[in-house]
Amino acid sequence: MCNLSMGSTGFLILNFLTLRTKSLQTIPRNHGAATMAPQNNFDKEDIYVDMPAGVNPNELNMIHATSKQARSWQAVRTAVTDGPVESNTLIGGTPMIDLSSLLSLKKDVKIYAKCEYMNPSGSIKDRIAGFILQAAIDSGELKKGMTVVAATSGNTGAAIAMACALRGYDYVVITNEKCSIEKIDSMKAYGGTVLVAKAGLPADHPESYENIELAMVSKDPKKYFGVNQYGNQNNSLAYSRTLGPEIYSQTKGSITHFVAGSSTGGTLTGTARFLKTMNPEIKAVLADPKGSVLWDNFVNGVPEDQLKVGKWEIEGVGKDSIPGVLSWDVVDGAQNGDDASSFYTCREVAEKCGILIGGSSGLNLHAASVLSGKIDKGLIVTVLPDSGIKYLSKIFNDKWMDQKGFTGNEKKAEDGEIFWKSSIKKL
């Protein structure tokens, strides 16, 4: 059975951490974060999280939302139950579900997953899109009349398209042929332009989707603003200020391990950095598909200029180069996943829990399941970045699965391994 964690019921109603003004300390909101115009009709709320002994909240350059953004995420969820809110306020504050009974290999190890597919554009990338754009608007880098350009495997493109629609900017998003038709159509739906580049090109090829973004911005910097999600540090900062605090609060600080795949590095780096600030004992584990160069760089210490990229079908995770946002100093271990096991996990969750999740979610959950068999007790938290609705033509299509050779070739979590930093080569 799959349950909403902490006794939550309904669509978005969670039993969030109680706001206790006397027993909790406040994380200040004046660290120069991106701002937005007021979006809701409820009173200002201070932002609270349980602070471990010895940690000075004034030293934490992390908050969930700025004073002009969506207040505290707890307050946003309360507002949702009381009446209408504006669409921007629906970003974040996602439910957490308990998948322990389905995936955990040990009774004393829990596996929780954040339902990031419930963000407005359908993915975790909503957290960074508005944050990056608003930071650029506030700094003057993104001016009225400019066009936003973003290279994306799909989800960031839809999130950027939504964020641009809300702010009145034209956009061009560049993806590649690996992207599902569902995601391509969702990027077009907000009224902008979608370019589809060739897939499988070397990272330094001028026609790779990342380099097309760089070329457009370089050619006409007054016309185009480049999101540069792979190198923009506001990417990881968005997660430090949103996803990390949410996870810590929803688990009441009892999280022991955080598992996430990586493409830009933002989710893993930003979330792990916040969690480790709250409790240095929390371990962060990379879930990486076979073929991605992140594995060889982290586990085998292969220099970036010697990395060889392979092939994989999971979208939105894994990389052909080392992104500038990714920071190995907050990563403790890694699990090398594969397409078949990830997609099988997606189907298993659909059939047994009634939830359609995307391939990167399957990768994360499989890695969490592997991890559950390697520790005696603990609380593993991972993320479900997007919905399986975006992959009906692939993951949930029997013909496609058969053609790719994935049917029946999944691996058991019991046979998987976790490689810890202490046992692998140092970079």
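**A walk through a parallel sheet and its surroundings**

Four strands form an open sheet, in the order β8-β7-β6-β9, and their pairing is parallel. Two strands stand at the edges: β8 (193-197) and β9 (224-226). Each has a single partner strand, so one side of each is left without a neighbour in the sheet. On average, neighbouring strands in this sheet are turned by 25 degrees against each other, direction ignored. Keep in mind that this is a predicted model.

What holds strands side by side? Strands of a sheet pair through backbone hydrogen bonds, and the pairing is either parallel or antiparallel. Take β6 and β7 here. Strand β6 covers residues 147-151, and strand β7 covers residues 170-176. The two pair in the parallel sense over 5 bridges.

Now turn to the helices. Helix α5 (residues 181-188) packs on the sheet, where it touches β7 and β8. The direction of α5 makes about 170 degrees with that of β7. Helix α6 spans residues 209-219. Which strands does α6 lie across? Helix α6 lies across β6, β7, β8 and β9. Its run is at about 150 degrees to β7.

Follow the chain on from α6. The loop between α6 and β9 holds K222. Is K222 buried or exposed? Its relative accessibility is 76%, so K222 counts as exposed, because the cut-off for exposed is over 50%. K222 and K143 are 79 residues apart along the chain. In the model, their C-alpha atoms are separated by 8.8 Å.

Next, find N336. This residue is part of strand β12, which runs over residues 333-337. N336 has a relative accessible area of 18%. Buried means under 20%, so N336 is buried. What does the side chain of N336 reach? It reaches the backbone oxygen of D288, at 3.0 Å. Set aside the neighbours of N336 within four places in sequence, and N336 is in contact with D288, P289, K290 and W295.

Finally, consider confidence. The chain averages a pLDDT of 84. A score of at least 70 is reached by 82% of the residues. Residues 5-71 are another matter: over this stretch the pLDDT is below 50. Beyond near neighbours in sequence, the stretch has 153 contacts in the model.

Key: Residues numbered from 1 in each chain as written. Predicted model: local features only at pLDDT ≥ 70, side-chain atom pairs only at ≥ 80, totals over all residues. Heavy atoms only, no water. Buried < 20%, exposed > 50% of the residue type's maximum accessible area, 1.4 Å probe, protein only. Polar contact = N/O pair within 3.5 Å; in protein donor to acceptor, adjacent residues only side chain to side chain. Contact = heavy atoms within 4.5 Å. Pairing = 2+ DSSP bridges. Axes fitted to C-alpha atoms, helices over the stretch in contact; angles between N-to-C directions. pLDDT = per-residue confidence, 0-100.
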